[in-house]
Amino acid sequence: MCAVSSPNSQYVVAKFGGTSVADFDAMNHCADIILADTNIRVIVLSASAGVTNLLVALAAGCESDKRENYLKQIRDIQYAIIDRLNDAGVIREEINRLLENIEMLSEAASLATSEALIDELVSHGEVMSTLLFVELLRQRNMDAEWFDIRRIMRTNDNFGQAEPDILQLHTLAMESLHPRLNDTIVITQGFIGREEKGRTTTLGRGGSDYTAALLGEALGLQRVDIWTDVPGIYTTDPRIVPTAKRINKIAFDEAAEMATFGAKILHPATLLPAVRCGIPVFVGSSKDPQAGGTVVCDKTENPPLFRALALRRKQTLLTLHSLKMLHARGFLAEVFTLLSRHNISVDLITTSEVSIALTLDTKGSTSTNGNLLTNALLTELSKLCRVEVEEDMALVAIIGNELSQAKGLGKGIFGVLEPFNIRMISCGASSHNVCLLVPGNDAEQVIQTLHQSLFEG
């Protein structure tokens with residue numbers, strides 16, 4: 001639901017990721033970006049780099065020596081910023097109070113954890129980074145206000161992967177945030193929300209991007225800026241292929257495919273609010289804002305056949321065999337009903353007369369720790385069919401345009417991949433992607449081989 005046109009529609013929401021707020025110097029780079037663009041009025045922050053992982057480890061429950069080590073690392077990250085602030089007495093007290101709360105919750109988690117406790121504990125990373133950033137901006141004579149996103153980001157109680165209530169967010173954002181934008185810069189948290197009983201929830205790893213886009217939609221803003229550690233979206237991960245090229249402009253459909261299939265620049269759900277309202281998304285580097293970036297927009301002129309390669313690791317291949325499938329009805333429905341009951345989302349599927357192959361993504365939620373295939377689920381599946389599980393697989397997605405209608409596509413792709421074992425192929429369901437499931441150990445070499453063939457030839 002798009003916000004009505006308003007005098008604030010020229011304003012921008014900017015999201016800064018964990019590496020962008022990792023330390024005092026990184027936060028100052030973000031402040032420079034905000035000072036350079038007076039239209040940036042809403043700031044969404046992630047936790048400082050490394051903090052969320054430490055909080056997740058604490059939330060899982062651990063022995064006292066490990067717990068003390070993790071708590072020290074979190075404390076050191078916060079103090080390294082506080083110690084470089086002027087007159088930091090008040091903010092030090094606030095951070096100390098939150099650190100004490102983290103310690104208390106982590107002790108509780110070591111005795112018995114829960115999904116609700118995990119989300120409450122993990123949310124502290126964003127709360128601390130935003131409090132520190134507000135103080136830094138004020139000391140640079142900027143009019144900044146801290147805002148608790150949980151006041152307006154109402155969600156369901158699916159802890160670890162909560163779904164926001166879009167209509168409620170729209171109403172509450174217009175009531176609570178919209179009037180502030182002309183007078184101050186609002187600093188708030190990504191990734192977290194609150195369910196109807198008042199308990200803290202999280203939107204899933206990477207949910208800060210989603211938060212920024214949802215606020216852009218709810219407030220009817222001009223643009224969503226995603227500031228990260230690389231200047232834009234590339235044809236593939238430059239850490240895997242150093243010769244990868246930046247894409248200066250990319251369509252929503254293409255970028256959404258890249259995000260869905262593992263490109264780390266954007267959270268898969270980020271683009272949905274932007275697509276609904278036609279809000280462009282800019283992706284740039286907070287370390288080097290002058291380097292430019294990528295604009296994600298509604299359409300681009302003359303889109304290429306091949307746009308990019310995306311890689312998603314830690315995939316699980318689940319193969320189900322049953323002679324009952326042969327000429328039978330309802331088997332697939334029964335399998336998917338069972339998976340749904342266990343909150344399992346299937347990515348890719350192929351079928352034969354007597355078997356089904358499914359891919360499952362073990363990444364994404366803060367609460368599952370990758371343990372999607374529980375003993376209870378496997379026991380239920382075993383009553384229906386013979387089950388085979390292959391882990392540590394990788395999904396390689398070839399992103400492009402009109403791929404389902406391109407001639408000679410198979411030869412162009414599979415000819416260069418002859419040395420590799422391809423366990424599963426998905427082609428034709430979308431005109432924007434061809435997906436290959438390969439062993440995790442081969443993933444980077446597959447990406448390098450495809451990139452050289454499709455983008456450097």
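Two strands pair if DSSP finds at least two bridges between them. Helices (H or I, at least four residues) and strands (E, at least two) are themselves DSSP runs, numbered from the N terminus. Welcome to a predicted model, in which local features need pLDDT of at least 70, side-chain atom pairs count only at pLDDT 80 or more, and totals for chains, interfaces and linings use all residues. Residues are numbered from 1 along each chain as its sequence is written, and side-chain values use heavy atoms, with hydrogens and water left out.

- Strand β1 (residues 12-16) runs parallel to β2, joined by 5 bridges, and V12 stands opposite I40 in β2.

- How many residues of strand β4 (residues 185-189) are buried? The count is 5 of 5, where buried means under 20% relative accessible area, exposed over 50%, and partly exposed in between (1.4 Å probe, protein chains only).
- I185, I187 and Q189 point one way from β4, while V186 and T188 point the other way.
- Strand β2 (residues 40-45) is parallel to β4 and is joined to it by 4 bridges, with V42 opposite V186.
- Strand β3 (residues 144-146) is also parallel to β4, through 3 bridges, and E145 has V186 as its bridge partner in β4.
- Between β3 and β4 the chain passes through helix α7 (residues 166-176), making a right-handed β-α-β crossover. Right-handed means that, with the strands pointing away from the viewer, the path from the first strand over the helix to the second runs clockwise.

**Helices α7 and α8**

- In α7, the buried residues include L169, H170, L172, A173 and S176, and α8 is part of what covers the buried residues of α7.
- D165 caps the N-terminal end of α7, with a side-chain oxygen 3.3 Å from the backbone nitrogen of L167.

- β17 pairs with strand β18 (residues 433-439) in the antiparallel sense over 4 bridges, and M424 has L437 as its bridge partner in β18.

**Nonpolar cores**

- A nonpolar core is a set of buried Ala, Val, Leu, Ile, Met, Phe, Trp, Tyr and Cys residues joined through side-chain atoms within 4.5 Å.
- The largest nonpolar core has 107 residues, and those with the most contacts inside it are F16, I43 and F133.
- Helix α6 (residues 124-139) supplies the largest share of this core, 8 residues.
- A second, separate core has 21 residues, including V396, L403, F420 and V446.
- Leaving aside neighbours within four places in sequence, the contacts (heavy atoms within 4.5 Å) of F16 include V21, C30, I43 and W227.

- E254 lies in helix α9. Is E254 buried or exposed? E254 counts as buried because its relative accessibility is 1%.
- The side chains of E254 and N401 are joined by a polar contact of 2.5 Å. A polar contact is a pair of N or O atoms within 3.5 Å; within protein, one must be able to donate a hydrogen and the other to accept it, and residues adjacent in sequence count only if both atoms are side-chain atoms.
- K411 is in helix α13 (residues 409-414), and K411 is exposed, with a relative accessible area of 73%.
- From C-alpha to C-alpha, K411 and P304 are 18 Å apart in space, and they are 107 residues apart in sequence.
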